[in-house]
Each structure stands twice: as C-alpha cells, then as structure tokens.
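These are my working notes on a structure that I went through entry by entry. The sequence and the coordinates come first, and the entries follow.

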Amino acid sequence: MKPLLRQLATAFRNLRGRSSLIAGILILAFFCLIAVFADLVATYDYRSQSRREPMAPPSSLRFQDAQGNWHPRPFIYARRLVDPLERRYEEDTQQRYPLELFAPGYSYKLFGLFTTDRHLFGVQSADSANSVEAPRLNWLGTDGLGRDRFSRLVLATRFSLIVGPLGTLLASALGILIGLIAGYAGSWVDAVFMRAADVMMALPTLVLILAARAAFPLELPPARAAALLITIFVVLGWAEMARLARGLTLELCQREFVQAAISIGCSPARILIRHILPNAARPLLAQTFLMLPAFLLAETSLSFLGVGLQEPEASWGNLLADAANLTLLERHDALPILAPAFVITAFVLGVRLIGRGLERFDEPFTTQLSKTAKSA
Amino acid sequence: MLKLIFYRFIQAALILLLISFLVFVLLVSAGGDAISALQTNQQISEQTLETLRRLHGLDRPLPVRYGMWLGELAGGNLGQSIYFQAPVWNVIQPRFWNTIALAMAAMSIALAFASTLGLAAARRTGSLADRFCDLSILLASSTPRLVLAILALSFLARTSLIGGTATDWQTGTWLLRLLPPAFILSVPLIALLLAQTRAAVSARLKEDYVQVARAKGVSERLILVRHALRPALNPLITTFGSSLGGLMSGSVVVEQVLNWPGLGQLSVIAVRSRDVALLMGIVLITSAAVLFGNLLADVMLRLNDPRLRRENHIA
C-alpha cells in the first residue's frame with residue numbers, strides 16, 4: 001500500500017491533459033466555497049434595506065482622490081442621492097473611506113458554529129472618533145429597496161446550490177433504482193415502470209412544475225420551499241434516468257459475469273448493487289451531470305416566474321426578475337443588474353466542463369485512480 | 001408503417017388520458033380555484049362567490065368534475081376558461097399557432113446551423129471548423145435560455161428596435177419579434193444537434209464503404225452528403241422528434257421574458273389564475289405535441305433507414 005501522499009501525487013499527474021475537467025472542478029469548487037463562506041463574503045445582511053439609497057450605482061473603488069493624490073490603500077467616497085425621482089447619485093469627495101479587510105459588520109454564525117461579525121470587505125470611517133457613519137460599500141450597487149446586490153447574490157448561491165444539485169442527486173437515485181429494478185425484473189414490472197416513464201417524459205415539465213408549485217402556498221420559509229422544490233423535481237425528473245439505467249441493466253444482464261453471478265445463486269439485490277451498478281456507473285454519472293443544469297435552471301425559472309423562493313429571501317431566479325424589468329434596464333447601468341445572469345452561466349459552464357472532461361476519456365477517472373494505486 | 005401509426009395513436013390516447021387525469025387531480029386538489037382570487041375584494045360577498053362557484057361547477061366533487069370535463073372533451077369541447085370568459089380553444093388557438101411558428105423557426109435555425117458546421121467539422125478532426133464546433137457546443141450548452149432571453153431583452157431595450165403592443169403588429173414587426181426568441185430557443189438545440197452531427201458523420205467517414213467510395217473516385221462532397229450523412233441522420237432524427245415537443249413547453253421562460261404571445265406565456269397566466277380548464281387544454285396540447293414529435297421521428301427513421309422497416313418493431 002502506497003502512502004496516501006504519493007497516491008495523490010500520481011492521481012494529480014493523471015490530471016494532465018484534463019484541462020476542462022480541472023477547470024470545471026475549480027469553478028464548482030469556487031461556487032461551493034462562496035456558498036459555505038457566504039456570510040463572510042457578503043458585505044451586509046441580504047435583507048437589510050437602506051431606503052435612502054435605492055438603485056444606487058456600484059461603489060467605485062479609487063486609488064486617486066479628487067485632489068489628484070494617490071493613496072496606497074483603495075478607498076471609496078460617500079454618495080448622496082441628488083435626484084430621488086431619477087435616482088441619480090453624486091459622490092461626496094470631502095472624505096475618503098478606506099477599504100478594510102475582515103471588517104466588522106453584522107454578526108452571523110460561521111459553519112453554523114462560531115459567532116463572528118467579520119466580513120471579507122468593509123469600509124471604515126476615516127477616524128474612529130468621527131461620528132459620521134461610513135457609507136455602504138456596494139460592489140454591484142443596490143436594488144430598488146436599497147439592499148446590497150452583491151450580498152444578495154452571494155447568499156443566493158446557497159439556496160440555488162442546495163436545491164438544484166440535491167434535486168438532481170435524489171432524482172437520479174430514484175431513477176437509477178427504478179431503472180435497475182425494471183430492467184432486472186422484466187415482464188410486467190418493466191412494462192409498468194417504462195410506461196410510467198413514457199408518461200413523465202411526455203409531460204410538459206415546466207408547465208407541470210409550475211402547476212405543482214402553484215398547488216402550495218406561495219409564501220414559504222426557505223427551508224420548506226427548498227424541500228418542496230426538491231420533491232417536485234424528484235417526482236417529475238426520475239424518468240430519463242430510469243430509462244438509461246434500465247437499458248444499461250438489460251445490456252449488462254446478458255454479460256457473462258452477471259450470468260455467472262446468477263448461476264452461483266447471488267441474490268438479485270447483490271447482483272444489482274455489486275455487479276450491475278458499478279459497471280453502469282459511468283454513463284449514469286455522465287447523465288447526472290447532464291441533468292444538473294436542467295434542474296438548476298428549473299429552480300431559477302420558478303423563482304424568476306415568482307413561484308419559487310419568495311422575497312426577501314434571495315435566489316438566482318428572483319434576483320434575475322429585476323433584470324427582466326425594462327424600465328430598470330433602460331435607466332440604469334445594466335451590468336450590475338445582469339450580474340446574476342453571468343453567475344448562472346458561469347456555474348452551468350463549470351458543470352458542462354466537468355461533464356465534457358468525464359466523457360473525453362475512455363476510462364473513468366476513478367478506475368484510473370484505483371489502477372495506478374494497484375499497479376505500483 | 002400504418003400499423004405502427006395506428007398503435008401509436010392508441011397508445012398516445014391512453015397516455016393523454018392518464019396525463020389529463022393526473023394533472024386534473026393535481027390542480028383541483030391544490031386548494032383555491034379561479035374564484036378565490038376575488039376573495040380579497042371587499043365588495044364581493046361570500047354568497048356571490050358561492051353562486052359563481054356553482055355556476056362554473058366548481059363546488060362539485062372531483063370525480064364528477066373530471067367526468068364532466070371528459071364528457072365535454074368527447075364532444076370536441078375543451079371547456080370554458082374562467083379567466084378569459086371564453087371557450088378554451090378560442091383562447092388557445094391563436095397562441096398555439098404563435099408557439100408553433102416559434103418552434104418551427106427555432107428548429108430551422110438550429111438545423112441549418114448544426115448541419116453546416118457539423119459537416120464541416122466532421123471532415124477533419126482538429127481543423128479550425130472542428131475547434132470552432134467544440135467551442136460552440138460548450139458555449140451553447142452552458143448558456144441558459146433564461147439568461148440569453150434577459151440579455152437579449154436588455155440589449156433590445158437599449159436599441160428600441162422593436163416596440164408596440166401585441167395588437168398592432170404588422171407582418172414585418174411580427175417577423176422581427178419572432179427572431180430573437182427563435183434564436184434563443186435554438187441555442188441549446190444547436191449544441192445538441194451539432195454534437196450529434198459531428199460524432200455521427202465523423203464515425204461514418206471512417207467506415208470501409210467510404211474508403212471504397214473514395215477509391216472509386218467519388219467526390220469528397222458527394223461522399224459527405226450521400227454516403228456519410230444519410231446513415232448519420234438516425235440520431236439526428238430522434239433528437240429532432242424529441243425536441244419538437246420540448247420546444248413547445250420549453251418556451252415558457254423565453255416567451256414570458258420576450259413577451260411572445262404563445263402557449264408558454266398563456267400557461268403562466270393559467271397557473272397564476274388557477275384556471276383549470278385552460279391549463280388542462282394547454283397541458284393536453286403540449287403533451288400531444290411531444291407524442292406527435294416522437295411518432296414523427298419514428299416514421300422518419302423508418303423512411304430513412306430500410307433496416308428498421310424490415311424489423312417489425314412497434315413499441
């Protein structure tokens with residue numbers, strides 16, 4: 001048995017030439033980090049409103065002040081709402097507010113364990129004795145209620161990253177289970193499950209998800225909304241996976257090793273789990289990665305259409321609802337409003353890159369890993 | 001072939017019946033109905049609400065309502081939409097054609113783009129076309145329609161290229177308004193079709209009969225189109241069939257964002273207003289479209305591939 005470190009080193013060497021896989025994993029890892037440390041990264045509580053600053057533009061980080069002097073530490077100026085109707089802002093260049101790392105802010109629980117009030121970025125008043133409150137630091141500006149867009153986007157990652165992937169995982173698991181059973185049992189079990197799958201596949205999914213969601217009260221706490229959405233996804237999303245798993249099972253059942261397992265009297269459960277499932281794992285995994293964006297986007301679409309997660313909670317979908325507002329788009333800088341759109345695209349791109357990296361190579365990453373471990 | 005079509009029609013009828021029952025139960029047991037939206041209105045008494053419910057038959061038990069709905073359907077009537085105060089078919093019909101037009105346009109764009117680029121990429125691996133194809137597949141498959149629709153909206157809002165309301169469209173404006181949603185709908189399809197075309201055609205080009213054709217001196221273009229493309233069409237046809245139905249229901253978000261008056265937009269209205277008859281009509285029509293797409297693909301597969309015709313597969 002090789003020491004773990006050297007095993008990891010060989011595994012790492014095998015990653016060469018898998019640039020898309022690595023890029024995908026890096027992107028997803030970044031999103032996971034953001035989701036875990038969401039409160040640390042966010043500058044303000046995503047629900048806290050600052051009514052004096054609706055639709056504020058992004059704070060511009062400066063190194064050079066109005067007098068033309070350069071400062072090593074970036075700073076922002078306070079801004080003032082000069083025209084409440086047009087929502088125009090002007091910068092007040094009297095006072096600089098330097099950027100601060102790990103600045104104090106609202107308190108939260110890191111990992112749900114430690115209470116802390118540190119945030120990655122913040123601004124401080126120039127001199128602490130001064131009673132003037134520091135201006136808010138809005139990387140992406142504020143929305144119509146003066147809530148910090150950046151913080152909302154960061155916190156939204158949590159909800160969207162739980163509902164989509166968890167829904168995919170559970171739906172895949174159910175689909176694989178049904179597919180394995182249907183493929184192995186054959187006869188009427190197979191017929192019943194596959195006709196059911198046909199029905200599910202013929203259903204207009206999004207319309208049905210809409211209808212199913214509409215069957216429940218719109219205002220739900222985030223945890224229950226997430227549970228509801230995941231349930232709907234699982235109930236409606238198993239069919240495709242079941243079909244694939246069934247086909248693979250039928251194919252594998254003809255192979256000698258399965259026949260051998262049957263002949264020595266292995267129980268069906270053992271055959272399915274020990275012999276068929278591992279050999280079907282690769283296409284099933286690839287299919288899971290294909291399904292993931294669809295589920296993620298279903299959640300986004302639902303929240304976008306106003307039947308997913310409700311305000312003031314934040315999800316990528318209901319943040320995008322702002323972006324579909326024509327008057328906002330016409331009057332204001334579009335980029336910060338469209339930021340959620342880019343974030344979603346980046347995430348889906350990461351998933352696709354992983355999927356592509358998986359299918360590029362004939363041998364699955366995991367078997368290659370175990371092979372290198374064995375050969376040495 | 002006729003036997004296949006006949007069997008498929010019977011199967012489709014049964015599936016539609018099952019779907020209609022499931023959706024009906026789901027919608028009716030949801031709690032709240034088209035009338036409950038009026039509840040917040042102070043001027044409408046509880047009694048009026050009850051009368052309205054009785055008028056529309058909303059107070060009857062579920063099996064009775066489903067039976068009534070089925071009875072009407074048997075008579076070729078989809079029922080009455082409470083929200084629009086009109087027969088469901090009259091509400092659906094114009095929007096149905098709009099959605100069909102959108103789906104067709106998206107499908108044509110995707111097919112045209114995917115077939116040309118796919119063929120060009122399949123000719124030589126590692127060529128410029130191949131790499132461009134790689135990139136397009138990745139980008140097209142990872143940009144969600146919702147995002148595209150919103151980007152298009154923000155772009156169109158700035159250019160004010162198109163305006164006006166749905167009622168005063170001229171034919172020119174209609175076409176102009178059709179294009180953005182059609183392009184957006186076609187994007188994920190392009191990724192799918194492109195990947196399949198390239199994989200299938202390049203696999204065929206490695207076959208022995210292509211070598212024979214080359215040895216005979218058949219021109220490269222003819223080989224590509226006649227010898228490689230035709231057998232490679234099978235997976236494309238399957239995708240075409242299955243995405244035809246998907247285009248009908250997949251356009252909900254795009255139609256909603258870009259304000260295209262089709263079935264997708266209508267279904268959002270129907271869900272929000274709890275208009276059961278209307279939603280049932282939409283679900284029925286879109287499901288039928290999915291089933292029809294699958295049937296169409298099967299028929300086309302048999303036309304394209306003589307081997308399938310000989311087998312007597314019906315399932």
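**Entry 1: the core**

I began with the largest nonpolar core, which has 157 residues, and I found that those with the most contacts inside it are Ala149(B), Ile150(B), Leu279(B) and Ile282(B). For the record, such a core is a set of buried Ala, Val, Leu, Ile, Met, Phe, Trp, Tyr and Cys residues joined through C-beta atoms within 7 Å, and a residue is buried if 20 or more other C-beta atoms lie within 10 Å of its own, exposed if 12 or fewer, and partly exposed in between, with C-beta atoms placed from the backbone. Helix α7 (residues 222-253) of chain A gives the most to this core, with 15 residues; helices here are DSSP runs of H or I of at least four residues and strands are runs of E of at least two, numbered from the N terminus.

I then looked up Ala149(B) and, leaving aside its neighbours within four places in sequence, noted contacts with Ile184(B), Val253(B), Val254(B), Val257(B) and Leu258(B). A contact means that the C-beta atoms of two residues, placed from the backbone, lie within 7 Å.

**Entry 2: what kind of model this is**

This is a predicted model, in which local features need pLDDT of at least 70 and side-chain atom pairs count only at pLDDT 80 or more, while totals for chains, interfaces and linings use all residues. Residues are numbered from 1 along each chain as its sequence is written, and chains are lettered from A and ligands numbered from 1 in the order in which they are written.

The model scores ipTM 0.79 and pTM 0.82. The mean pLDDT (the predictor's confidence in each residue, from 0 to 100) of chain A is 80, and 88% of its residues reach 70 or more. I marked residues 362-376 of chain A, where the pLDDT is below 50 and where the stretch has ten contacts in the model beyond near neighbours in sequence. Chain B averages a pLDDT of 82, with 90% of the residues scoring at least 70.

**Entry 3: chain A and its sheet**

Chain A contains 13 helices and four strands, and 38% of its 376 residues count as buried. Of the contacts in chain A between residues at least 6 apart in sequence, 68% join residues at least 24 apart.

I traced an open sheet of four strands in the order β1-β2-β3-β4 (chain A), with antiparallel pairing; two strands pair if DSSP finds at least two bridges between them. Because β1 (62-64) and β4 of chain A stand at the edges with a single partner strand each, one side of each is left without a neighbour in the sheet. The twist averages 55° from one strand to the next.

Going through the pairs, I found that two bridges join β1(A) to β2(A), and that Arg62(A) stands opposite Phe75(A) in β2(A). Strand β2 (residues 70-83) and strand β3 (residues 88-110) of chain A pair over eight bridges, with Glu90(A) as the bridge partner of Arg80(A). Their hairpin has four residues between the strands, and Arg87(A) takes a positive phi near 55° there. Eight bridges also join β3(A) to strand β4 (residues 114-123) of chain A, where Thr115(A) is the bridge partner of Lys109(A). This hairpin has three residues between the strands, and Phe111(A) takes a positive phi near 55° in it.

**Entry 4: where the chains touch**

Which part of chain A gives the most to the side that touches chain B? I first noted that 34 residues of chain A are in contact with 36 residues of chain B. Several helices of chain A each supply at least two residues of that side, including α5 (187-202), α9 (268-304) and α10 (316-323). It is α12(A) that gives the most, with nine residues. By class, this side of chain A has 26 nonpolar, four polar and four charged residues, where Ala, Val, Leu, Ile, Met, Phe, Trp, Tyr, Cys and Pro count as nonpolar, Asp, Glu, Lys and Arg as charged, and the others, Gly among them, as polar.

I also checked burial in α10(A): six of its eight residues are buried, so α10(A) is largely enclosed by the rest of the structure. Among the buried ones are Trp316(A), Leu319(A) and Leu320(A).

Phe132(B), found in helix α5 (residues 128-142) of chain B, counts as partly exposed, with 13 C-beta neighbours inside 10 Å. Gln211(B), in helix α8 (residues 208-216) of chain B, is exposed, with 12 other C-beta atoms within 10 Å.

Notes:
Axes are lines fitted to C-alpha atoms, for helices over the stretch in contact, and angles run from 0 to 180 degrees between N-to-C directions.
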